[in-house]
Amino acid sequence: MAVDTAHQHRGHGRRLLTAVAALARASGELVMWADARESAVGFYVACGARVSGEPYVDDGSGLIVRHVVFTIS
Ligand SMILES: CC(C)(COP(=O)(O)OP(=O)(O)OC[C@H]1O[C@@H](n2cnc3c(N)ncnc32)[C@H](O)[C@@H]1OP(=O)(O)O)[C@@H](O)C(=O)NCCC(=O)NCCS
């Protein structure tokens with residue numbers, strides 16, 4: 001996911017994640033997860049995720065990423 005650089009830090013990313021979580025909750029899901037690039041891990045944590053496991057290099061992008069996990073309540 002990404003927010004246009006001109007519109008970052010205004011809460012759009014958080015609102016998008018909240019909307020995705022609401023859809024997942026409505027579908028009966030209990031957990032959401034993502035592979036977050038290192039520079040964005042703090043964003044996911046600020047939005048309620050926990051970090052799981054060690055950083056690793058993603059095959060497709062070559063980026064160092066970490067699993068971030070949301071428990072849907
Ligand atoms: C990461 C990204 C999606 C965040 O979107 P955003 O709309 O700027 O984020 P929000 O304004 O909703 O921020 C929500 C919270 O996360 C925090 N935050 C945002 N970006 C952060 C970052 N890179 N690192 C740490 N914390 C961050 C904000 O301070 C805010 O915390 P607060 O509510 O406690 O003050 C956006 O910066 C982006 O598109 N980055 C480039 C692409 C990218 O890295 N995507 C993620 C790929 S895994």
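Helices (H or I, at least four residues) and strands (E, at least two) are DSSP runs, numbered from the N terminus. The model is predicted: local features need pLDDT of at least 70, side-chain atom pairs count only at pLDDT 80 or more, and totals for chains, interfaces and linings use all residues. Residues are numbered from 1 along each chain as its sequence is written.

View 1. Two helices and three strands make up the secondary structure of the chain. The C-alpha trace spans about 35 × 30 × 20 Å along its principal axes. A residue counts as buried if 20 or more other C-beta atoms, placed from the backbone, lie within 10 Å of its own, as exposed if 12 or fewer do, and as partly exposed in between. Of the 73 residues in the chain, 8% are buried. Two residues are in contact if their C-beta atoms, placed from the backbone, lie within 7 Å. Among contacts with a separation of 6 or more, 53% join residues 24 or more positions apart.

**View 2. Three strands form an open sheet in the order E1-E3-E2.** The pairing in this sheet is antiparallel. E1 and strand E2 (50-57) are the edge strands, each pairing on one side only. From one strand to the next, the twist averages 20 degrees; axes are lines fitted to C-alpha atoms, for helices over the stretch in contact, and angles run from 0 to 180 degrees between N-to-C directions. Strands of a sheet pair through backbone hydrogen bonds, either parallel or antiparallel. Two strands are taken to pair if DSSP finds at least two bridges between them.

**View 3. E2 and strand E3 (residues 64-71) form an antiparallel pair over five bridges.** Arg50 stands opposite Val69 in E3, and Tyr56 stands opposite Val65 in E3. Six residues lie between the strands of this hairpin, where Gly62 takes a positive phi near 80 degrees. E2 lies largely in the open, because the number buried among its eight residues is zero.

**View 4. The largest nonpolar core has five residues: Ala36, Tyr44, Ala49, Val68 and Phe70.** A nonpolar core is a set of buried Ala, Val, Leu, Ile, Met, Phe, Trp, Tyr and Cys residues joined through C-beta atoms within 7 Å. Leaving aside neighbours within four places in sequence, Phe70 is in contact with Ala21, Val31, Met32, Gly48 and Ala49.

**View 5. The ligand is surrounded by 18 residues.** The closest are Gln8, Gly13, Arg14, Gly42 and Ala46. A residue is near a molecule if its C-beta atom, placed from the backbone, lies within 6 Å of it. Helix H1 (12-26), strand E1 (31-37) and helix H2 (41-46) each supply at least two residues of the shell. The shell has eight nonpolar, seven polar and three charged residues. Here Ala, Val, Leu, Ile, Met, Phe, Trp, Tyr, Cys and Pro count as nonpolar, Asp, Glu, Lys and Arg as charged, and the others, Gly among them, as polar.

View 6. His9 is found in the segment before H1, and its phi is near 65 degrees, a positive value in a residue other than glycine. His9 is exposed because 9 other C-beta atoms lie within 10 Å. Thr18 lies in helix H1 and is exposed, with 12 other C-beta atoms within 10 Å. The C-alpha atoms of Thr18 and Arg50 are separated by 15 Å, and the two residues are 32 residues apart along the chain.
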